Amino acid sequence: MSSNFGLTRSPQEIVFGDGQRRVLGAIAARLGQRALICTDQRLAATPEMDEMLRSLHAAGVEYAVFDGTLAELPSDSIEACVAQYQAYKPQMVIGVGGGSCMDMAKLVALQLTHGGPLERYYGELKVPGPVMPVIALPTTAGTGSEVTPVAVLADKSRDLKVGISSPYLIPCAAICDPELTLTCPPGLTAISGADALTHAIEAYTAISHPADETLSQQRVFVGKNLLSDQHALCAIRAIFTYLPQAVADGSNRKARSMLMLASLQAGLAFGAAGTAAAHALQYPVGALTGTAHGLGVATLLPHVMAFNAQTAPQAYVEIAQALGIAVGSDREAVAMLVAHTRALLERVGIPGYLSELGIEAAQLDWLSEQSLLAARLVNNNPRKLDAQAMRQLVGLAFSAN
């Protein structure tokens, strides 16, 4: 790949900083006079939500609140929201919450604009045109959904997580207020931050594609590139430093701010470069165990890193150098990086093996077969993944024995 090829796709506007949730009304008023807010029951009852609603009211924007968003985003909950609010005819959708709430906003906007069913849009580049404006306000520092072209849902008919990827799904505005994460409990803080770390590392180590003039137009995720690399490295450095601090003390404003910035930058990184094997495997892992997305990908991450570095070590060496832990040979630098990553994840309570998530040995063949169906993720991996290689990787990630 040409060493100077880069791609960033992002919202038209990103506003970052403590208290910036209060700009919501001003941004929304430029988009229309009627908003649908997608959130969950807990967030809908908070003083911060009341504050945002007052901001909308003061700006002359009327609103309806859908507070039925569920974790991992079951497809029938999206259909229920669309059915309930289609007649309301919102002019924008506002997602307030974690990744599920923001993805709900994206997919509701998609269906309100182009109709259903959602199956029409599974995969890449199936969305036929722009969707109604989405404003995203994350309350966790993890998914990066506020800046990405992807939304993930749980297809109830297939019992699998599926993704819809299109630049049209990128929110038109992201409002990132670290104060909204201050009440995030330690366990969720850990899972969210580990999710962002996985995004950043998989983006930085993704395969490099030939950078001809069609690459940026024919793919949503273009692989490792100059611009995504910068975002990824900034995210990785910040997460290694600040994730343990935020988990230990949720009131640490500096740690909360740096984690939200890292999540944003990891989103910008993988929103262009894409993710790889850890995410491909998490789809069936999540279906079997019901565990949170971030928990699964983070459990897999060190195993994927060690596996990939056997044939494609250079990007991992560069990460080790960026963290100041590279010593000796390239092999030693990679080993140090994997060990540091394991230690970080263990410190914040992430399990080390799939068996600890509830995966059984008898499920490993099915797991490897299903993960290969996520072709865009498999093909983005720096080490070639066929059936034999994926089964080997699954075996390594299963248990210490």
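**Helices 8 and 9**

Helix 8 and helix 9 cross in a left-handed way, meaning that the near helix is turned anticlockwise from the far one by less than a right angle. This is a predicted model, in which local features need pLDDT of at least 70, side-chain atom pairs count only at pLDDT 80 or more, and totals for chains, interfaces and linings use all residues. Residues are numbered from 1 along each chain as its sequence is written, and side-chain values use heavy atoms, with hydrogens and water left out.

The axes of helix 8 (residues 226-248) and helix 9 (residues 253-273) come within 7 Å and cross at roughly 150°. The two helices are therefore roughly antiparallel to each other, a term for angles over 145 degrees.

**Helix 10**

Of the 13 residues of helix 10, 10 are buried, so this helix is largely enclosed by the rest of the structure; buried means under 20% relative accessible area, with a 1.4 Å probe and protein chains only. Among the buried residues are H279, Y283 and P284.

Helix 10 also has a kink of about 30° at Y283, shortly before the proline P284. Just after the helix, G290 takes a positive phi of about 70°.

**T46 between two helices**

T46 lies in the loop between helix 2 (41-44) and helix 3 (47-58), where helices are DSSP runs (H or I) of at least four residues, numbered from the N terminus. T46 is buried, with a relative accessible area of 15%, and its side chain reaches the backbone oxygen of L43 at 2.7 Å.

Methods: Bend = angle between axes of the 7 residues up to and from the residue. Buried < 20%, exposed > 50% of the residue type's maximum accessible area, 1.4 Å probe, protein only. Polar contact = N/O pair within 3.5 Å; in protein donor to acceptor, adjacent residues only side chain to side chain. Axes fitted to C-alpha atoms, helices over the stretch in contact; angles between N-to-C directions. Parallel < 35°, antiparallel > 145°, perpendicular 65-115°, else oblique.
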